[in-house]
Amino acid sequence: MKRVAILISGGGSNMLRLVESMTGDHPARAVLVASNDAGAAGLDHAARLGVPTAAIDHRPFGRDRAAFEAELLKPILAAQPDILCLAGFMRVLTPDFVNRFAGRMLNIHPSLLPKYPGLHTHARALAANDHEAGCTVHEVTPVLDDGPVLGQARVPILPEDTADSLAARVLTLEHQLYPAVLRRFAAGERAPILL
Ligand code: GRF
């Protein structure tokens with residue numbers, strides 16, 4: 001049984017779907033939900049589902065990312081995860097942290113990577129007059145939003161779309177894609193899922 005730790009920063013809707021998916025004959029179970037914000041609503045949801053939680057506020061550490069990550073690592077290493085899932089985690093992680101989990105850390109990004117790494121992905125797709133948008137689950141490497149793609153899901157961009165309406169439609173797909181990718185990843189499969 002693979003042990004999965006999930007990092008969040010806010011509502012944790014993706015985390016919830018992942019936790020709820022890891023039941024029955026699923027080859028993994030959630031062992032920790034950690035956040036860089038003690039007020040993250042996702043922490044309450046995780047606790048209600050019986051998943052241990054941890055919160056390390058990044059703000060006292062200022063620009064010292066290594067010091068923040070040294071604290072964040074404590075509950076993560078204590079949980080002894082096989083897989084780390086970033087799910088709406090909004091802090092950039094240092095190469096040292098990422099390399100600790102090389103080949104076993106996933107992230108979901110709300111664009112069709114390699115298009116639009118970074119922030120404001122939907123606004124950028126609209127500004128570019130793209131005809132489709134979507135989300136990508138990828139292995140996390142030291143380069144932001146750049147690792148091997150493990151899954152992608154596409155939606156058409158509609159004429160009346162705003163960044164918010166597009167984000168909402170893509171989020172629904174994220175909730176399908178991420179659990180599907182995690183289940184296969186935990187079973188040792190790496191072939192990308194394309195929805
Ligand atoms: C989602 O758009 C996800 O793609 C991005 O963070 C947003 C919020 O995710 N990484 P969640 O509701 O906190 O899971």
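Does Asn129 count as buried or exposed, and at what relative accessibility? In this predicted model, Asn129 counts as exposed, because its relative accessibility is 63% and the cut-off for an exposed residue is over 50%. The residue is placed in the loop between H5 and strand S6 (132-139). Although Asn129 is not a glycine, its phi is positive, at about 55°.

A positive phi is also found at Asp145, a residue other than glycine, where the angle is near 55°. Asp145 belongs to the loop between S6 and strand S7 (149-156). Here the relative accessibility is 13%, so Asp145 counts as buried, the limit for that class being under 20%.

The overall architecture of the chain was examined next. The protein chain contains six helices and eight strands. Read from the N terminus on, these elements follow the order β-α-β-α-β-α-β-α-β-α-β-β-α-β. The radius of gyration of the protein chain is 16 Å, which agrees with the value near 16 Å that a compact globule of 195 residues would have. Along the principal axes, the C-alpha atoms fill a box of roughly 50 × 45 × 30 Å. Among contacts between residues at least 6 apart in sequence, 61% join residues at least 24 apart.

Of the 195 residues in the protein chain, 47% count as buried. The accessible surface of the protein chain comes to about 9,200 Å², and carbon and sulfur atoms account for 56% of this area.

Met105 is part of strand S5 and counts as buried because its relative accessibility is 1%. Leaving out residues up to four places away in sequence, Met105 touches Leu84, Leu86, Leu93, Phe97, Val98, His138, Glu139 and Val140. The C-alpha atoms of Met105 and Ser35 are 16 Å apart in space, with the two residues 70 apart in sequence.

Leu166 is located in helix H6 (residues 163-186). Its relative accessibility is 0%, so Leu166 counts as buried. Beyond its neighbours within four places in sequence, Leu166 is in contact with His122, Leu126, Ala133, Val155, Pro156, Ile157 and Asp161. A separation of 9.7 Å is found between the C-alpha atoms of Leu166 and Ala125, which are 41 residues apart along the chain.

Buried residues also occur in loops. His58 is found in the loop between strand S3 (53-55) and helix H3 (65-79). With a relative accessible area of 17%, His58 is buried. The side chain of His58 makes a polar contact of 2.9 Å with the side chain of Asn36. When neighbours within four places in sequence are set aside, the contacts of His58 are with Asn36, Phe68 and Arg91.

Thr94 is placed in the loop between strand S4 (83-86) and helix H4 (95-100). Thr94 is buried because its relative accessible area is 17%, which falls within the buried class of under 20%. Arg65 and Glu69 are the residues touched by Thr94, not counting residues up to four places away in sequence.

The loop between strand S5 (105-109) and helix H5 (121-127) contains Pro114. The peptide bond from Leu113 to Pro114 is cis, and its omega is near 10°.

Ser21 is found in helix H1, which spans residues 13-21. A polar atom of the Ser21 side chain lies 2.6 Å from the backbone oxygen of Leu18. Not counting residues up to four places away in sequence, Ser21 touches His26 and Pro179. Ser21 and Gln176 are 155 residues apart along the chain, and their C-alpha atoms are separated by 10.0 Å.

Definitions and conventions:
Residues are numbered from 1 along each chain as its sequence is written. This is a predicted model: local features need pLDDT of at least 70, side-chain atom pairs count only at pLDDT 80 or more; totals for chains, interfaces and linings use all residues. Side-chain values use heavy atoms; hydrogens and water are left out. Helices (H or I, at least four residues) and strands (E, at least two) are DSSP runs, numbered from the N terminus. Buried means under 20% relative accessible area, exposed over 50%, partly exposed in between (1.4 Å probe, protein chains only). Contact means heavy atoms within 4.5 Å. A polar contact is a pair of N or O atoms within 3.5 Å; within protein, one must be able to donate a hydrogen and the other to accept it, and residues adjacent in sequence count only if both atoms are side-chain atoms. The radius of gyration is taken over C-alpha atoms; the globule rule is 2.2 Å times the number of residues to the power 0.38. Accessible areas come from the Shrake-Rupley method with a 1.4 Å probe; for residues, only the protein chains shown count as cover.
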